[in-house]
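Good morning, and thank you for making time for this presentation. Please have the sequence and the three-dimensional view open while I speak.

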Amino acid sequence: MLEEIRYEYYESVDSTNDRIKERAHDNEAQGLVISAGTQTAGKGRIGRKWESPTKDSVSTSLLLTPDDISLEAIPTITVVAAMAVRDALSNLYGLEGKIKWPNDIVLGGKKICGILTEMEMKDNKVWYVVVGIGVNVHNTQFPEEIAFKATSVDIELQKQSGEKGHRSEITKAIWESFQKYYNIFIKTQDMSGLKEEYERYLANLNERVRIEAQENSYEAIARGIDDRGQLIIEVDGQQQIISTGEVSVRGIYGYI
Ligand code: BT5
């Protein structure tokens, strides 16, 4: 169970995930959140970069030290975190994002949030887990390479109320929602209690997607998730499971 959350904020760090790792090595207790105004080395998955320019985005990471968690349940935590961000943006601003499995939230077909879960083992057991979340809040423009597929809270609110997002309010709402979903997840260490709600928000459900693995790429229909939070796809009428590895899932007609 995640019982209490303690917040720390820094103007600038390399990566909030790396700051949490350092604290885990100093035996910090579960529940610490480190957020930053800017990251000089924000990380995406598999060595990619995460843009987190000064004061424009939420960059926030949480330390978890779950008792007796199985290794196979760790990637599911990303799936739980995606639900939390979606829920927070909906509750705060009425922004109804979709979850692009496994680790993005999209609005208006563009990415507003990315999640990076990392962990370290000790004595053959999971020692700690870091859940890192980046949300674009005040960004009005993006570097050329991502401009076609990135959006922010303010850009999306501009289309509705004209209101502006608030970074610390978003950070708090995300971790409060995360606590709610995580405490359901951790009882069974799977998505059995959350799957139904998750699938309501899954982008491309029952639509054609392109699965881009390292060696090949093929088309499939997305059918939902299994109890481990893995994506169920259908290829030539046969169901298959995609785990959160190094695959990307793309809609056929654009980024999502
Ligand atoms: C992610 O990876 O989306 C995970 C991002 C996690 C960022 C948080 S911030 C707090 C914590 N500390 C860290 O150092 N990281 C975490 P991935 O699915 O691999 O997507 C990365 C790709 O998204 C990049 O290669 C770009 O194409 C694109 N991208 C980079 N910055 C972006 C941004 N600000 N908004 C939208 N897309 C972006």
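I shall go through the domains, the pocket, the cavity, the salt bridges and a few backbone details.

Two remarks on method come first. This is a predicted model, in which local features need pLDDT of at least 70 and side-chain atom pairs count only at pLDDT 80 or more, while totals for chains, interfaces and linings use all residues. Residues are numbered from 1 along each chain as its sequence is written, and side-chain values use heavy atoms, with hydrogens and water left out.

Let me begin with the domains. The protein chain is assigned domain 1 (6-200) and domain 2 (208-251); such bounds come from an automatic or database domain assignment. Taken over C-alpha atoms, the centres of domain 1 and domain 2 are 23 Å apart. Across the boundary, 16 residues of domain 1 are in contact with 18 residues of domain 2, where contact means heavy atoms within 4.5 Å.

I turn now to the empty space. Rolling a probe the size of a water molecule over the atoms shows where such space is left. On a 1 Å grid over the protein atoms alone, a cavity is a set of points where a 1.4 Å probe fits but cannot get out, whereas a pocket is an open set with protein on both sides within 12 Å along at least five of seven lines; lining residues have an atom within 4 Å of a point. Grid points are joined across faces, edges and corners, and a volume is the space filled by probe spheres set on the points.

The largest pocket holds about 660 Å³ of space. At least two lining residues come from each of helix H1 (16-25), strand E3 (57-64), strand E6 (110-122), strand E7 (125-136), helix H3 (144-147) and strand E12 (248-251). Helices (H or I, at least four residues) and strands (E, at least two) are DSSP runs, numbered from the N terminus. By class, the lining of the pocket has twelve nonpolar, 15 polar and eleven charged residues. Here Ala, Val, Leu, Ile, Met, Phe, Trp, Tyr, Cys and Pro count as nonpolar, Asp, Glu, Lys and Arg as charged, and the others, Gly among them, as polar.

There is one cavity of 30 Å³ or more, and the volume of the largest cavity is about 60 Å³. Its lining consists of Ile99, Lys100, Trp101, Leu202, Ala203, Asn204, Ala222, Leu231 and Val249. Seven of these residues are nonpolar, one is polar and one is charged. Domain 1 and domain 2 each contribute at least three residues to the lining of this cavity.

Trp101 also deserves a look at its backbone. A cis peptide bond joins Trp101 to Pro102, with omega about -5°. Pro102 sits in the loop between strand E4 (98-100) and strand E5 (104-107).

Next, the salt bridges. How many salt bridges does the structure hold? The number is 23, a salt bridge being a side-chain nitrogen of Lys or Arg within 4 Å of a carboxyl oxygen of Asp or Glu. Arg19 takes part in a salt bridge with Asp14, with closest N and O atoms 2.8 Å apart, and in another with Glu22, at 2.9 Å. Arg19 and Glu22 are three residues apart in helix H1, so about one helical turn separates them. Arg19 is partly exposed at 21% relative accessibility, as is Glu22 at 44%; buried means under 20% relative accessible area, exposed over 50%, and partly exposed in between (1.4 Å probe, protein chains only).

Glu28 and Arg23 form a further salt bridge, at 3.1 Å from N to O. Arg23 counts as buried, at 19%, whereas Glu28 is partly exposed, at 23%. Both belong to a salt-bridge network that also includes Glu4, Arg6 and Glu8.

Finally, Asn27 lies in the loop between H1 and strand E2 (32-39). Asn27 is not a glycine, yet its phi is positive, at about 65°, and the residue is exposed, at 61% relative accessibility.
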